[in-house]
Amino acid sequence: MNKTVLIVEDEKRIREIVCDYFCAAGFETIKAQDGRKAIEEFESNQVDLVILDIMMPELDGWSVCKRLRKKSNVPIIMLTARSDEDDKLMGFELGADEYVTKPFSPKVLVARSKVLLKRVEGSMGKSESCIEAGVIEISKDAMHVLVQGAEVELTPKEYELLVYMVDNKGIVLSRKAILDNVWGYDYFGDERAVDTHVKKLRKKLGEKSNYIRTITKAGYKFEVVE
């Protein structure tokens, strides 16, 4: 079955061009010209990926991202005409998985979308085994995480980050290594994205946030601390 992408962009020309490229790549597409329409379409359809512009009327992209994250872990790529680092960090704080600055190549956007979907699917389907690290249990087949027996809702990127750290527990992981293995070698963003996601992941781990240690001037290390 073809993947369905929701393209949310208020500029009609850009919206149509992006839609054409995704259709040519074999995707089913749904279009929305503003944030409110995006929410309606998302709630009415099975969506596998969201391409989300930030500056829109009615409801901006940040607000849409925040609402979607309350109900879904669907991969989200945010589009913006602004390259401000703080804007990118805001998107990551709200749960975005990727960030693309305008002007961009629709062909490259489609390629990056495929890579993101492949990584998410790979994380979900690598193994049917359950891995444990202290009181954390991860079911790789279901992308399901329990902390002290309670389910924890993670975004796809947070999940990938946790799995990567647990698979490499006891090893100091540099920010570059984390970017290369979780975001991919073709990621063009800043290493601060790692810090942002680690912060969010720690918050969701609650009392067990100390499992992720900051190693000064080196990166992070996951280790079970009781």
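How exposed is Lys71? I found Lys71 partly exposed, with a relative accessible area of 47%. For the record, buried means under 20% relative accessible area, exposed over 50%, and partly exposed in between, with a 1.4 Å probe and protein chains only.

A note on the source before going on. This is a predicted model, in which local features need pLDDT of at least 70 and side-chain atom pairs count only at pLDDT 80 or more, while totals for chains, interfaces and linings use all residues. Residues are numbered from 1 along each chain as its sequence is written, and side-chain values use heavy atoms, with hydrogens and water left out.

**Entry 1: overview.** I counted eight helices and 12 strands in the protein chain; helices (H or I, at least four residues) and strands (E, at least two) are DSSP runs, numbered from the N terminus. Of its 226 residues, 51% count as buried. The accessible surface of the protein chain comes to about 11,000 Å², and 48% of that belongs to carbon and sulfur atoms; the areas come from the Shrake-Rupley method with a 1.4 Å probe, and for residues only the protein chains shown count as cover. I also looked up contacts, meaning heavy atoms within 4.5 Å. Among contacts in the protein chain with a separation of 6 or more, 58% are between residues 24 or more positions apart.

**Entry 2: helix α3.** Next I turned to α3, residues 61–71, where the buried residues are Gly61, Trp62, Val64, Cys65, Leu68 and Arg69. Seen down the axis of α3, they fall within an arc of 160°, so they line one face of the helix; the arc is that of the directions from the helix axis to the C-beta atoms. At the N-terminal end of α3 I found a cap, Asp60, with a side-chain oxygen 3.2 Å from the backbone nitrogen of Trp62.

**Entry 3: salt bridges.** Side chains of opposite charge can pair when their charged atoms come close. My rule was a side-chain nitrogen of Lys or Arg within 4 Å of a carboxyl oxygen of Asp or Glu, and the count comes to 14 salt bridges.

I looked at Glu43 and Lys71, whose side chains meet at 2.5 Å, N to O. Glu43 lies in helix α2 (residues 35–44) and Lys71 in helix α3, so this pair ties together parts that are 28 residues apart in sequence. Glu43 counts as exposed, at 51% relative accessibility.

Then I checked Arg69 and Asp97, a salt bridge at 3.0 Å, N to O. Arg69 sits in α3 and Asp97 in the loop between α4 (85–93) and β5 (98–101), so the pair ties together parts 28 residues apart in sequence. Here Arg69 is buried at 14%, and Asp97 is buried at 0%.

Lys176 and Asp180 also pair, at 2.8 Å, N to O. Both lie in helix α7 (residues 175–183), four residues apart, about one turn of the helix. I also noted a network of salt bridges linking Glu9, Asp53 and Lys102.

**Entry 4: Thr80.** Where is Thr80? I located Thr80 in strand β4, residues 76–80, and Thr80 counts as buried at 2% relative accessibility. Leaving aside neighbours within four places in sequence, Thr80 is in contact with Asp53, Ile54, Tyr99, Val100, Thr101 and Lys102.

Notes:
A polar contact is a pair of N or O atoms within 3.5 Å; within protein, one must be able to donate a hydrogen and the other to accept it, and residues adjacent in sequence count only if both atoms are side-chain atoms.
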